[in-house]
Each structure stands twice: as structure tokens, then as C-alpha cells.
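Student: Hi! I'm new to this one, could you walk me through it?
Tutor: Happy to, let's take a look together.

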Amino acid sequence: MNEFKGIVATGRPPSSPLPLRTKPLLPRSIPRLGGVAFAVATKNEILNTVAEYRKQFEAILARNQALPESQRIPMECFDLDERITADLKRELQAEMDLVKRKTAFDVEKARLSGEKLRKFFLEEMESMPIEVLGVRIETSVKSFRIGKLNDEYFQTVADLEERIEAEEARRR
């Protein structure tokens with residue numbers, strides 16, 4: 001049992017070599033470049049290599065789908081490691097959560113802005129401003145924007161009237 005320790009079941013004999021990379025992952029053809037230029041060149045080279053592997057994998061999947069059902073390799077066999085899939089799902093979920101939080105923030109911001117505008121322009125007004133334009137002459141008449149008086153105003157007026165009455169009663 002210890003003879004199999006560290007061996008991953010791939011469906012091929014352990015002595016057969018795995019057809020992995022045919023060229024090095026880092027670009028050797030790039031002359032001495034500065035740090036950023038080398039990083040960009042390295043990144044592009046790696047992206048090209050990954051794109052090549054993706055095409056090869058898609059070709060393998062297409063060949064597999066073309067086979068009769070009895071000869072097809074199940075899709076589960078194409079997964080290298082379920083931890084990779086789980087990690088990708090976790091990253092995707094984190095990105096989705098971030099998008100949902102940003103969207104929720106934007107929606108709440110728009111809702112609060114609309115509520116403030118409605119309150120300032122509609123709820124606080126006693127009457128809507130009206131403009132009447134003359135038909136034969138170029139004059140117009142506009143009404144004023146009159147705000148509603150709130151409860152604090154009425155309480156202050158009532159308090160002031162009570163003080164005035166109390167002052168008048170004291171003077172008599």
C-alpha cells in the first residue's frame with residue numbers, strides 16, 4: 001500500500017510520461033528588458049501558452065463528444081483536482097458578492113437621493129409654482145414656491161402667544 005503513496009490516479013501507467021509543456025513557461029526569447037516590459041512580455045507569453053492549452057483541451061472535448069456514448073470518457077475524468085474547481089467557485093462567489101454589495105450600495109444611494117428630492121421639492125411645498133403666460137402680450141405671472149409650515153413652527157407660535165398673554169396678564 002505504501003508503494004502507491006503520492007501517486008495520483010490519472011488512468012495511465014505510472015511509467016508513461018505526461019504530455020505537459022513542450023516549451024518553457026517563462027519566455028527565453030525576450031532580450032534583456034526592463035522590469036515592467038519583462039513582466040508584460042512574460043504575462044503575454046503565459047497567456048498565449050494557456051490559450052494554446054485551452055484550444056487543445058477543447059479539441060479533446062470535441063473528439064470525446066464525437067465518440068459513441070459507450071466509448072466516451074465521463075466529464076468527471078477531465079477534472080484534474082476538485083480543489084481547483086472548488087477554488088474557482090469560491091472566487092466566483094466572492095466576485096458575485098462584491099458585485100451585489102456594490103449594486104446594493106448604488107441602489108440605496110439612488111433611493112435616498114430620490115427620497116430627498118421628493119421631500120424637498122414636493123412634500124415641503126404648500127402649493128406648486130404656477131406660471132401663466134400671456135397669449136397676445138409677452139408677459140407672464142408666476143406664483144411663489146411656498147413651503148409648508150411644520151409642527152415646530154406651530155409649537156413656537158403657540159408658545160410665543162402663551163408668553164405674550166402671560167406678560168399681558170402680569171402687567172395688569
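Tutor: One term before we start: buried means under 20% relative accessible area, exposed over 50%, and partly exposed in between (1.4 Å probe, protein chains only). This is a predicted model, where local features need pLDDT of at least 70, side-chain atom pairs count only at pLDDT 80 or more, and totals for chains, interfaces and linings use all residues. Residues are numbered from 1 along each chain as its sequence is written, and side-chain values use heavy atoms, leaving out hydrogens and water.

Student: Okay, what share of the protein chain counts as buried?
Tutor: Of its 172 residues, 5% count as buried.

Student: And how many helices and strands are there?
Tutor: The protein chain has three helices and four strands, counting DSSP runs of H or I with at least four residues as helices and of E with at least two as strands, numbered from the N terminus. The order from the N terminus is α-α-β-β-β-β-α.

Student: Switching topic, how many salt bridges does the structure hold?
Tutor: Eight; a salt bridge is a side-chain nitrogen of Lys or Arg within 4 Å of a carboxyl oxygen of Asp or Glu. One of them joins Glu167 and Arg170, with the closest N and O atoms 2.4 Å apart.

Student: Where do Glu167 and Arg170 sit?
Tutor: They are three residues apart in helix H3 (residues 151–171), so about one helical turn separates them. Glu167 is partly exposed at 29%, whereas Arg170 is exposed at 60%.

Student: Which other residue does Glu167 form a salt bridge with?
Tutor: Arg171, at 3.3 Å between the closest N and O atoms.
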